[in-house]
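Trainee: I would like to learn how to read a structure like this one. Please take me through its features in turn.

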Amino acid sequence: MKRIFFLIAVSASVLLLAGYGGFQYLINKQEKENIEVKEKAKAVGVTEEEFIEQTQQIEGISYKVDLDENSTQEEVIDVMHKMTHQKVRAEQKWGAIPLIPETIHNVYEIVSTSNFDRKEDLLDILERWKNEDFSKADKDHNYIWTYQGGTVGKAFGIMSQSEEAEFIKNNFKN
């Protein structure tokens, strides 16, 4: 009987210690993440809240462009709009598609062979993106956003490299 009581007491102690150790690990991990966010926000000259707002996980993430030669101008513009969310600072963002060479190329090919009303404007944007020039990404976003009749979520700047890296980490987890 004493042996069973001893085994139960030892097992309970081990479980308590493991639980306490796991709890301490999670607390330390959260504190480290908070310090990292604070440092990154300070480095780019924004508040922690603003840094988190711009880099947080958003709804509507897609890795597929889902366009083809029969896609409409509106479908292409919607994809381009979602691509800009990786680069821009805005109050609200809905949906994102990675702004990478492959997606840029896919959209460019569709627009270049289209008869879209806004073909030249879209090609100008895509040409810049193909050349890795995202210096006007906020203006590109707002051009698209205005075309779509946007009322909430107007871009007010371009994210820093640190903010973009955090946005990518939070939204494109591949």
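**Reading the features**

Mentor: Start with a charged pair: Lys87 and Glu164 form a salt bridge, with their closest N and O atoms 2.9 Å apart. The two partners join distant parts of the chain, since Lys87 sits in the loop between H3 and S1 and Glu164 in helix H7 (residues 161–171), 77 residues apart. Both Lys87 and Glu164 are buried. Keep in mind that this is a predicted model.

Trainee: How many salt bridges are there by this rule?

Mentor: The rule asks for a side-chain nitrogen of Lys or Arg within 4 Å of a carboxyl oxygen of Asp or Glu. The count comes to five salt bridges. One of them pairs Arg128 with Asp140, the closest N and O atoms being 2.3 Å apart. This pair also links distant parts of the chain, with Arg128 in helix H5 and Asp140 in helix H6, twelve residues apart.

Trainee: Are Arg128 and Asp140 buried or exposed?

Mentor: To decide, compare the relative accessible area with the cut-off: under 20% is buried, over 50% is exposed, and anything in between is partly exposed. Arg128 has 18%, so it is buried. Asp140 has 4%, so it is buried as well.

Trainee: Which residue forms a salt bridge with Lys82?

Mentor: The partner of Lys82 is Asp78, and their closest N and O atoms are 3.2 Å apart. Both residues lie in helix H3, four residues apart, which is about one turn of the helix. Lys82 has a relative accessible area of 24%, so it is partly exposed. Asp78 is partly exposed too, because its relative accessibility is 29%.

Trainee: What are the buried residues of helix H6?

Mentor: Helix H6 covers residues 137–147, and its buried residues are Ala137, Asp138, Asp140, His141, Asn142, Ile144 and Trp145. Next, ask what such residues pack against. The buried residues of H6 pack against H3, strand S1 (88–90), helix H5 (119–130) and strand S2 (155–158). Just after H6, Gly149 takes a positive phi of about 80 degrees.

Trainee: Which residues is Thr103 in contact with, leaving aside its neighbours within four places in sequence?

Mentor: Find its place first: Thr103 is in helix H4 (residues 101–112). With those neighbours set aside, Thr103 is in contact with Val65, Met83, Ile97 and Pro98. Thr103 counts as buried because its relative accessible area is 4%.

Trainee: What pattern does the chain follow along the sequence?

Mentor: Count the elements, then read their order. The chain has seven helices and two strands, and along the sequence they follow the pattern α-α-α-β-α-α-α-β-α.

Trainee: What can be said about the chain as a whole?

Mentor: Of the 174 residues in the chain, 37% are buried. Among contacts with a separation of 6 or more, 68% are between residues 24 or more positions apart. The chain exposes about 11,200 Å², and carbon and sulfur atoms supply 54% of that area.

Technical notes: Residues numbered from 1 in each chain as written. Predicted model: local features only at pLDDT ≥ 70, side-chain atom pairs only at ≥ 80, totals over all residues. Heavy atoms only, no water. Buried < 20%, exposed > 50% of the residue type's maximum accessible area, 1.4 Å probe, protein only. Contact = heavy atoms within 4.5 Å. Areas by Shrake-Rupley, 256 points an atom, 1.4 Å probe, with all protein chains shown as cover.
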